[in-house]
Amino acid sequence: MSFRKKLLLLFAATVLLCVVVISASVYSTIQRSFEQAYQERANAVAAQFRSEFQRRGSDVVRKVESVAAGETVQRIALDLNRSATDSGEYVSAARTLAGQQQLDFLELVDSRGTILSSAQWQAKFGYPEAAVTSATTPPSAGPAGAFLKREELPDGPTLGLFAVRVARVGEQPLYLIGGERLDQGFLSTLDIPAGTRVLLYQNLDTKWNPKSLLDLNGPAAGVDKIASLVARVRDTQQESQSVIHWTSDSADDEVFHAIPLTGPVFNATNQSAANQSLLNQSTANQGGASQQLMGVLLVGSSRRPLIELQRQVVSTAMLVGGAGILVAVLASLWFAARVTRPVVSLAEAARRVAAGDLGAKVEVESSDELGELAASFNRMTEDLVQQKDRTLQAERVAAWRELARRLAHELKNPLFPLQVTVENLMRAKLKSPEMFEEVFHEGTATLLAEIDNLKTIIGRFSEFSRMPQPQRRPTQVNDVVRSVLRVFHAQLQEKNRIAVRTELADVLPEISADPDLLHRALQNLVLNAIDAMPQGGELTIRTGTLGDRVEISVSDTGSGLTQEECARLFTPYYTTKPHGTGLGLAIVQSVVSDHGGKISVESTEEKGTTFRIELPCEPPPWQTGQN
Amino acid sequence: MTLMIALTNATAETRPHYGGTLRVMLQSAPDTLALPENATPAEYWDAVRTLSLVGDTLLKLDAQSRPQPALAVAWQNDASARHWQFTLRRGVKFHDGSAASAAAIAQILGAIHSNWNVRASADSVAIESETPMPSLLAELALPRNLLLKRNGNGLPIGTGPFLVAEWQPGKLLKLAAYEESWAGRPFVDAVEIEFGKSLRDQAIALELDKTDLIEAAPQVASGSRRHGTSSSLSLSLPVELMALVFSANSKARDPRLREALALAIDRKPIQSVLLKGAGEPAAGILPNWMTGYGAVFSAQPNPQRAQTVLAGSPQPALKLSYDPRDPQAQVIAERIALNAREVGITVQVSLSGAEDIRLMRVVLPSPDPATSLTEAARQLGLPQPGFPATRGNALDDLYQAERGSLHGFAVIPLFHLPVANAANARVRDWQPGRLGEWNEAGFSLADLWLADRLADSRGGSRPEAGSR
């Protein structure tokens, strides 16, 4: 991965992390604030319903008081104080009175606690009324004595908000127990804020009964999930709150406040105490009668507004964050490009230097560390050029010296026989003129032979010195290989103990190269391989691609080379052969190098040697101009 | 002069005289002038009251179940009670002028009872049957044996004190006094009966003097009688039975459950409060005035015993239905449900769905207990009571038959109820029948007269009531 990409990733990751952290922090803070505000709103709604409930209790009390103060009740109370009153006359009176005051429940109860008239269950006359006959006091749950009571009706029990008042005309009091149903009708009269709903659980059974859970339309459907909340309130008789997850969508969640509605426990067996308590109702209401759970008011507030607001905030935050990240990435791109441009230039220059182009320069654009680095690089390349020049100079000197030494050595060998032959001729001329003719012929033959030898030596050196620059053109390497093998075909036929194996790539790209020079280089390698297998063996030539390069390998199964020999193999004039000049592989290396390629050797003793040439399809840039 | 006018007016107000139209209101709205099949008690009484003014039976039974002559003046039967012969009143004519001859009477009776062999002789009608007919006299006194012919419009033509003058089905019936009635011309010239009036509307109309004679709920009549009103209120003997009847598919199949329900019901508060003292708590089908042994069937509640009886028996929730046209039926049914709940029986009062128990009122149409028991059993859906074939209404047989009808608590009698009428002060000499009818033995609508100026001005001769 490039430095620029790393830098870009680093910048992007840093920005992303910052955005995420900031977004999470903001979201958490907003969510907390929303939750708190929502909780306060839900509490306010619950408090509103408590207040509403109290107000409805006051309404019931007022209505019952109104009935008690009415002329009809006063007349009935007066009649009851007369001895021969037929209480059956009043059996339908309660229904009429209840209708006038819009009360759902109203019972007229005589001083013995016997129902004279019942609006809600007309047939109940003559039965005792537990709220009057109970030993416990009439309730004090509601304001001014309103209380919750379970009321038995022909079609089953129900829940009501009741109040008890006394119409006292003579000795015998007349009790009035009036109330309103606590059911869906009651719920429908409540002022319910938008997004809120109210359910009422009538605790009329010993176990959870879904039919007792009412909404505005009657028994609420699909509310079994509330059962646990109701059960908790039934167990503790304390307010409780729970989030109900209706669906997998959290926007459908509702927060339910469960408010226990309690009422007094009436005991129908102790009548006198009840009478006493009702006679002193104000005192009785403070008596603290034991309470039981009559119902549970469930105020549900939808979390949809909250969730949708949160989602809107999250969407906005994600949009802003995304835009920020995009801007940050773009800025990172620009910044990374700006920061890494000198580095990239430096790397490019370094690659060119590594490839041999010591003339590569880096433009110094700044005065910071990167500018200093670029300047140092330029100085280094200049030093390298100078060093190379010096080395080249030294190598040239060394080469000249080596050349001189080799020339001296090569020339010295034929010169000695020439000198000896000439001295022999001179000596024969002086001391044995009769043998001069014979010696002359022998001597001139030797001289000519040595002179030929000198010509050969001079020709080789001349040839090496005349290595031309490559004349590039599209070249198919496989064709070059085949032409080389055709050259050696006859020779290899003679030495039939050498088998030739060619593994040429079916598809090989053309390269830009000088086919004659390549032919010459491969010819040297094949010749070396043949020389390395005097006892016969196998010559293998392979071609193939290696990335954007073409590879040629020439392998023999000869005796192989030592590591030291491998290290010095391409040194000019180094040879392992008795009569070699040590220029063959130097020529090969020179050709390969001139094509921008490289040559390597792998050898295992007693197994053979492989020369591997890699040539680029296109010449390196610094050679293009030269071409 | 002034004194004479005053005396004339005083006489007109206190002495019976002819003339005037008696305005009557009834609840039912019949489409035809005939006794309806499966009628409610109100429909039955309205039809009986109407038709008994038009037609006559061969004989009538008084409140003591004694036969009284009507179109037949004498009768006799053989020992097996299979052969009966009735001597007809002479000179009686139908409203269309035809003679009420033995042949005509035999033809009518033969059409009503196809299983009888009815034969006419010169002035008598013979009735024969393959089976003994010990209760034939009571049967012939029933309203279904009114001797009526039908004209081309299907209107009844009888021998009664009034003839049909105008008929608007379901709305109005105008009857005119039959001048040649064998019992003498009625005092009033006409009777105008409006149908389809609720008891409340009838009561209001009576208070406003828009009608002269109405029906009344027994409890209203009883309550009003206790308070005293200007209207003349009358109650008959208890001639109806209010009872709980278990349907054929009732879930209360266990007799113990039925017995427990019977023991749980406290009839007295219902009778005293809801029925305002009218009627009598009942545990038997027949009222005590018919049988004399009514006290044998105890109507006292016994919740403790009910709970004991109920122990171990299945206790399904029972659905109790009632006649919604009966204004008191719902609250009585609810009271029964309340009583049942006290002992642990769940009874739900409802008009919808399959009923287990029905709160019914049935008519006891005859003062003859055997006939009423038979008719009551038919209306209640009970098996016909078994009477010995060869003897009459011996008390022991009657008791055993009634006992048999009550076996297994297939029916729980609750009350024996009277029927009631109310007439305004304009109606004089109103002697309502003790059996709830308007033309029974000793009591007839034809005997009343109207004390208004219109009646006085029309009255030419003013015969004494007994002179007819």
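**Exercise 1.** State where A:Gln291 is found and whether A:Gln291 counts as buried, partly exposed or exposed.

*Solution.* Step 1: A:Gln291 belongs to strand β11 of chain A, where helices (H or I, at least four residues) and strands (E, at least two) are DSSP runs numbered from the N terminus. Step 2: its relative accessibility is 32%, which counts as partly exposed; buried means under 20% relative accessible area, exposed over 50%, and partly exposed in between (1.4 Å probe, protein chains only). Step 3: A:Thr262 lies 29 residues from A:Gln291 along the chain, yet their C-alpha atoms are separated by 5.9 Å.

The model is predicted: local features need pLDDT of at least 70 and side-chain atom pairs count only at pLDDT 80 or more, while totals for chains, interfaces and linings use all residues. Residues are numbered from 1 along each chain as its sequence is written, chains are lettered from A and ligands numbered from 1 in the order in which they are written, and side-chain values use heavy atoms, with hydrogens and water left out.

**Exercise 2.** Place A:Arg303 in chain A and list its contacts beyond its neighbours within four places in sequence.

*Solution.* Step 1: A:Arg303 sits in the loop between β11 (291–302) and α9 (304–354) of chain A. Step 2: with a relative accessible area of 11%, A:Arg303 is buried. Step 3: neighbours within four places in sequence aside, A:Arg303 is in contact (heavy atoms within 4.5 Å) with A:Glu35, A:Tyr38, A:Val243, A:Ala251, A:Asp253, A:Glu254 and A:Val255.

**Exercise 3.** Describe the phi angles of A:Glu606 and B:Asp209, and locate A:Glu606 and B:Asp209.

*Solution.* Step 1: most residues other than glycine have a negative phi. Step 2: A:Glu606 is not a glycine but has a positive phi of about 65 degrees. A:Glu606 is in the loop between β17 (598–604) and β18 (608–616) of chain A, and is exposed, with a relative accessible area of 65%. Step 3: B:Asp209, not a glycine either, has a positive phi of about 60 degrees, and is in the loop between α5 (199–207) and β13 (213–216) of chain B.

**Exercise 4.** Check the span of α2(B) and decide how far the helix is enclosed.

*Solution.* Step 1: the expected span is 1.5 Å times one less than the number of residues. Step 2: the 14 residues of α2(B) should therefore span 20 Å, and the end C-alpha atoms are 20 Å apart, which agrees. Step 3: 12 of the 14 residues are buried, so α2(B) is largely enclosed by the rest of the structure. Among the buried residues are B:Pro41, B:Trp45 and B:Val54.

**Exercise 5.** Name the members that touch the most others in the largest nonpolar core.

*Solution.* Step 1: a nonpolar core is a set of buried Ala, Val, Leu, Ile, Met, Phe, Trp, Tyr and Cys residues joined through side-chain atoms within 4.5 Å. Step 2: the largest core has 56 residues, and B:Leu244, B:Leu261, B:Ile345 and B:Leu359 touch the most other members. Helix α11 (residues 329–343) of chain B gives the most to this core, nine residues. Step 3: leaving aside neighbours within four places in sequence, the contacts of B:Ile345 include B:Leu257, B:Leu261 and B:Ala340.
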